[in-house]
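These are my notebook entries on a single model.

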Amino acid sequence: MVLFLIVILPAILYAIVALLAVLIHEAAHVYVATLLGIRVKRIGISWRGPFIVREQGTPVACACTALAGPISNLVLSILFWSVAPTFAQFNLVLGVFNLIPMGGTDGSHALLAFRRTQVMTAVQIGAARK
Ligand SMILES: [Zn+2]
């Protein structure tokens with residue numbers, strides 16, 4: 001009974017908190033993508049966690065969709081900081097980690113989308129000068 005109360009119950013609660021935060025993160029991606037007219041083709045789970053397969057959309061829409069997940073976590077972290085600290089801390093870690101622009105994170109997807117915006121702007125400026 002003591003083992004259950006000290007080890008197993010907190011682990012189960014932490015897993016539920018983590019699952020809830022990840023589901024909200026992915027739901028934010030899907031919601032913003034749908035809001036911006038990007039068709040979501042598939043939602044799945046891999047060894048790296050849940051993922052969505054969607055149309056690329058415009059660079060701005062792509063960046064907004066990529067940033068929606070981490071921003072939702074950061075907002076939840078702020079809202080729940082004093083009420084549910086474990087939930088808030090997990091959301092903070094998830095949000096900040098996903099904003100780091102390294103292989104495959106939302107931050108890297110947003111950065112690529114911003115670069116596409118800059119390339120498109122440079123092409124448009126070049127075309128306007130001709
Ligand atoms: Zn994400």
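Entry 1: I note that the model is predicted. Val53 belongs to strand S2. I then asked which residues Val53 is in contact with, leaving aside its neighbours within four places in sequence. The contacts are Lys41 and Arg42. Arg42 is also the bridge partner of Val53. In sequence Val53 and Arg42 are eleven residues apart, while their C-alpha atoms lie 5.0 Å from each other.

I widened the view to the two strands. S1 covers residues 40-46 and S2 covers residues 49-54, and they pair in the antiparallel sense over six bridges.

**Entry 2: Helix H1.** I did find a bend of about 35 degrees at Ile8, with a proline, Pro10, following within four residues. Next I listed the buried residues of H1, which are Ala21, His25, Ala28, His29 and Ala33. As a general point, an α-helix has 3.6 residues a turn, so residues three or four places apart point the same way. The buried residues of H1 pack against S1, S2, H2 and H3. Just after H1, I noted that Gly37 takes a positive phi of about 80 degrees.

Entry 3: H2, residues 59-80, has 22 residues and reaches 32 Å from its first C-alpha to its last, close to the 32 Å expected at 1.5 Å a residue. I found a bend of about 35 degrees in H2 at Ala68, and Pro70 follows within four residues.

I repeated the length check on H4, residues 106-129. Its 24 residues should span 34 Å at 1.5 Å a residue, and its end C-alpha atoms are 35 Å apart, which agrees. Which residues of H4 are buried? They are Asp106, Ala110 and Ala113, and the buried residues of H4 pack against H2 and H3. From Leu67 I looked for contacts, not counting residues up to four places away in sequence, and found that Leu67 touches Asp106 and Ala110.

Entry 4: The largest nonpolar core has nine residues, namely Ala28, Cys62, Ala63, Cys64, Ala66, Leu67, Ala68, Ala110 and Ala113. H2 and H4 are the elements that give two or more residues to this core. H2 supplies the largest share, six residues. I also found a second, separate core of five residues, including Phe87, Ala88, Phe90 and Leu94.

**Entry 5: The whole chain.** I closed with the overall layout. The protein chain has four helices and two strands, and from the N terminus on its elements run α-β-β-α-α-α. I then asked why the chain counts as more spread out than a compact globule. Its radius of gyration is 18 Å, well over the 14 Å that the globule rule gives for 130 residues, so the chain is more spread out than such a globule. The C-alpha trace spans about 75 × 30 × 25 Å along its principal axes. Of the 130 residues, 23% count as buried. Finally, I looked at contacts between residues at least 6 apart in sequence, and 55% of these join residues at least 24 apart.

Technical notes: Residues are numbered from 1 along each chain as its sequence is written. This is a predicted model: local features need pLDDT of at least 70, side-chain atom pairs count only at pLDDT 80 or more; totals for chains, interfaces and linings use all residues. Two strands pair if DSSP finds at least two bridges between them. The bend at a residue is the angle between axes fitted to the seven residues ending there and the seven starting there. A residue is buried if 20 or more other C-beta atoms lie within 10 Å of its own, exposed if 12 or fewer, and partly exposed in between; C-beta atoms are placed from the backbone. Two residues are in contact if their C-beta atoms, placed from the backbone, lie within 7 Å. The expected span of a helix is 1.5 Å times one less than its number of residues. A nonpolar core is a set of buried Ala, Val, Leu, Ile, Met, Phe, Trp, Tyr and Cys residues joined through C-beta atoms within 7 Å. The radius of gyration is taken over C-alpha atoms; the globule rule is 2.2 Å times the number of residues to the power 0.38.
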